[in-house]
Amino acid sequence: MPFSPDDIAAIQTPAVVIDLDIANENILRFQQYASSHSLRVRPHIKTHKLPALAELQIAAGAIGITCQKISEAEAMAAGSSAIKDILITYNIVGSEKLQHLKALARRVKLTVVADSATVVDGLAAAFRTEAEPLTVMVECDTGANRCGVPTAEAATALALRIHSTPGLVFGGLMTYPPIGATAAVEAFMTEGKRRIEALGIEVPVITSGGTPSMMHAADASVTTEYRPGTYVYNDRSLVARGDCGWENCALSVLATVVSVPTENRAVIDAGSKLLTSDLLGLTGYGHVLGRDDIVIDQLSEEHGRLVSTGPIGLSVGDVVQIVPNHACVVTNMVDTVFVVGNGLRSVEAWPVAARGKIV
Ligand SMILES: Cc1ncc(COP(=O)(O)O)c(C=O)c1O
């Protein structure tokens, strides 16, 4: 951990800290896997929301980035000239958003997804008069039961609609599968590709995503692109699944002990406003590094309660380092993250450019 005691003393808690050396290792590990399987990487920036980190991902070999919302994509594009190719994996609905989409499409290579004729028709109405058509992929539901057309037949019908609509270009098939659904992705996408190609329409890209299954991404051999997000930082949920160790977690929260009311209980200055209430099926709201005996069992907005089976062994003023359950939601809670590593001489405060971008 390249955070020195001086660095830690200079950071006001509670704070989100990022170890760029670990983040870089995480980026390179997946990039190497993907490159060795001829898979292109398009990281989802929802985890870090930092143009500078997207630059590291692109420098490592990523072909572009994935964003969930237009405002997020706008912030990322504005933050780095290296970000030239963006996929927004979201149905864009509403005239105001479509105006923003048009403006963004004039600045970067932009692709969006759709899973209904209504969304496709809205995109078409906005782009009919544009000089360049908009690339639209069909979102497919391979078992996550969120968005996405439910069958390869439905994907084919929507692909045909996009292909035949002025102002739009069919870009391929996109899915965000549940964990471990590589076989379902292979089956759905192979069938969808076969049906669409039978109509004489090319399927240039098939993109899937998700960190927990990423080291099996190539088992769905029909996939051409992969969108990992959390892999850049990792978090407690991934350690709990056995996907990585604590030493692979690049993001942590520094918190100060503000009260030790009893021998086995302490209270820190990080509550739900920073650690968030995401449990992701786990017990407790994060892992105190080096203290397997401690559970963060209760949060209020600004207080986190730490309990131990034995003596808590903490004093008021002590600083603890916590790996949160879910890294992506934590980075949305702060204006600034504190970074070290990657040749930086001392800790730097980086604004989280794409936080709070929910529109
Ligand atoms: C559409 C989409 N693609 C990719 C990802 C990245 O998933 P993960 O953070 O598990 O890598 C997400 C995460 O929510 C997503 O919604």
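Modeller: Let's begin where two helices meet: Ala 152, Glu 153, Ala 155, Thr 156 and Ala 159 in H7 are in contact with Phe 188, Glu 191, Gly 192, Arg 195 and Ile 196 in H8, contact meaning heavy atoms within 4.5 Å. Helices here are DSSP runs of H or I with at least four residues, strands are E runs with at least two, and both are numbered from the N terminus. Before going on, please note that this is a predicted model, in which local features need pLDDT of at least 70 and side-chain atom pairs count only at pLDDT 80 or more, while totals for chains, interfaces and linings use all residues. Residues are numbered from 1 along each chain as its sequence is written, and side-chain values use heavy atoms, with hydrogens and water left out.

Now the geometry of that pair. The axes of H7 and H8 are 9 Å apart, and the two helices pack at an angle of about 40°. This makes H7 oblique to H8; under 35 degrees counts as roughly parallel, over 145 as roughly antiparallel, 65 to 115 as roughly perpendicular, and the rest as oblique. The axes are lines fitted to C-alpha atoms, for helices over the stretch in contact, with angles from 0 to 180 degrees between N-to-C directions. The crossing of H7 and H8 is right-handed, in that the near helix is turned clockwise from the far one by less than a right angle, anticlockwise being left-handed.

H8 itself deserves a look. Thr 182, Val 185, Phe 188, Met 189, Gly 192 and Ile 196 are the buried residues of H8. They sit on the same side of H8 because they cover an arc of only 130° around the axis, taken from the directions from the helix axis to the C-beta atoms. Ala 183, Ala 187 and Ala 198, on the other side of H8, are exposed. Buried is under 20% relative accessible area, exposed over 50% and partly exposed in between, with a 1.4 Å probe and protein chains only.

What covers that buried side? Among the elements over the buried residues of H8 are strand S6 (134-140), helix H7 (152-163), strand S7 (168-175) and strand S8 (205-209). After H8 comes Gly 200, with a positive phi near 85°.

For comparison, here is another helix pair. Helix H4 (residues 70-79) and helix H5 (residues 95-105) have axes that come within 10 Å and cross at roughly 25°. H4 and H5 are therefore roughly parallel to each other, and their crossing is left-handed. Ile 70, Ala 73, Glu 74 and Ala 77 of H4 make the contact with Lys 97, His 100, Leu 101 and Leu 104 of H5.

One backbone detail may also interest you. Most residues other than glycine have a negative phi, and most peptide bonds are trans. Asn 234, not a glycine, has a positive phi of about 65°. Asn 234 is in the loop between strand S9 (225-227) and helix H9 (236-240), and its 5% relative accessibility means that it counts as buried.
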